[in-house]
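Colleague: Could we go through this model together, one question at a time?

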Amino acid sequence: MLGKLLKYDIKSMAHTFVPLFIAMLGMSILNILFFQNEWIAALIGGGAIMAGLLIALLVTTIVMIITQFYHSVLGDQGYLTNTLPVSVDTILFSKMISATVWIILSGITAVLSGFILLAGSALSVDFIAFIHTVGTFFSQLAALLASDLTQTFWFVLTMVLGILLILASIANELLHFYCAMACSQLYPFTKNRVVGSVIAYLLISIPLSVVSAFIMAGIAALDTFSTLPTSETNPLSGLCLMFFLFLVSTMLLNVLLYLPSRYILKNKLNLE
Amino acid sequence: MNENIEMISGGAVVSDTVAEIKNIHKGYHQHPVLNGVSFSIPRGQIVGLLGPNGCGKSTLIKLMAGLLQPDQGEIRINGFTPGRQTKALISYLPERTYLNDWMKVQDLLHFFADFYQDFDLERARQMLQNLQIDDKQKLKTMSKGTKEKVQLILVMSRRAQLYLLDEPIGGVDPAARDYILSTILKNFDESSSILISTHLIHDVETIFDQVLFLDQGKIVINGQVDEIRELYGKSIDGLFREVFKC
């Protein structure tokens, strides 16, 4: 059922995101043309549009993940979502995964736009050299890793932990929003559900920041990253440990946000 | 074996009762809405849930649909407490339009077919055709009444054990009302039951087997329509007007 729900959740956001992605990538290509032909006025206009689109992408991503959850779970559509033969966990995971997919795709689009602009402007200088430099970086990295299996292990582990940490941090932000919106089902937040959600978001932020600060301080106090037995031979081992500790603590916070959200949606749901 | 229990063709054991509601209490922040409601819905019956605005009809239906949790009491649908299992058995039509505006009607048909094993796609297409609704039309281009028709078609195209219809004809024109009522009757089979909440009693009275009068969170009349008519010497509509006289 998760797959089916995910399919519709991803689709429902595609209508907003896909045109925005196309506009961003299209505008990047147009800007290159302006640059190549030295149309200064058009380039200034294009640059302004590009900056506007970038802001729109950022705002849209945040607004969409909030409204998608609110409308589909707690708004009128909630009458359908919450009467589907699926568990609350399936609903929450589907929303989290679909939002994460769109956040990542938004990030990729922004980077890709930047890359197109960079590659386009480098074209007049020496695009081949630019590509060559990028190619050299990766081939040297591959050669370095191939020469030492231990280094490869630490590199891969760092990358994996880094990616997991990014995903856990995205989930943390999403769950913070979801938990705040779920609180709008509880009295007295029901008096004005939107304002209630905002207040709940701020209230949740307080303990969340305190716990996060303690975790940060605790990890910093460990001060073992540079004194690990392996740190001399491999500096990545310290980074790995840091990523791991941050990952565990972020996951812990995620559980602390997930459980009340799940409890409210399961037992205290009170649709308008 | 309990006399209320019988075997059906697939070998599954089912009760004669689709829904059993026992001493349900529900309130919203100290404001009681339902005060000890108890009744049962036998299989193969169309039950009218009647009462003035704000008497708790929608709350009761939401509790049965699993959208609310009771403060006290017990609800059993086919023997299960409301949850994932009962949501697969219940086809629920809320008062509100819950359809996703970006979807076309055909998307919704696939959505329902994806999530409900008992959804009859052919039946839905036939009903859409009868009401001249184009399945390629987007919901955001539809009027409120047409959306309500689409929603009712989706709900009635399931072969569910229990249909919970909250004001199914409130927002549609009288001509469509007749079609909708005949659709409900046509699609109804003896192994399922329907609970319809409405205040437009005159229009639907003829289809009820049983009626429940809900007043201030309590069931004040519960019985078979024929028996009630005989007992009070009035139509259900007439009796409603008398019981809930302002």
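Colleague: Which residue of E8(B) stands opposite B:Tyr92?

Modeller: In this predicted model, local features need pLDDT of at least 70 and side-chain atom pairs count only at pLDDT 80 or more, while totals for chains, interfaces and linings use all residues. Residues are numbered from 1 along each chain as its sequence is written, with chains lettered from A and ligands numbered from 1 in the order in which they are written. E7(B) and strand E8 (residues 162–166) of chain B pair in the parallel sense over four bridges, where pairing requires at least two DSSP bridges between two strands and strands are DSSP runs of E with at least two residues, numbered from the N terminus. The residue of E8(B) opposite B:Tyr92 is B:Leu164.

Colleague: Which strands stand at the edges of that sheet?

Modeller: The open sheet of chain B has six strands in the order E7-E8-E9-E5-E10-E11, with mixed pairing. Each edge strand has a single partner, so one side of each is left without a neighbour in the sheet; these are strand E7 (90–93) and strand E11 (218–224) of chain B.

Colleague: How many residues has the largest nonpolar core?

Modeller: Such a core is a set of buried Ala, Val, Leu, Ile, Met, Phe, Trp, Tyr and Cys residues joined through C-beta atoms within 7 Å, buried meaning that 20 or more other C-beta atoms, placed from the backbone, lie within 10 Å of a residue's own. B:Leu164 is among the residues with the most contacts inside the largest core, as is A:Tyr178. The number of residues in this core is 94.

Methods:
Buried ≥ 20, exposed ≤ 12 C-beta atoms within 10 Å, placed from the backbone.
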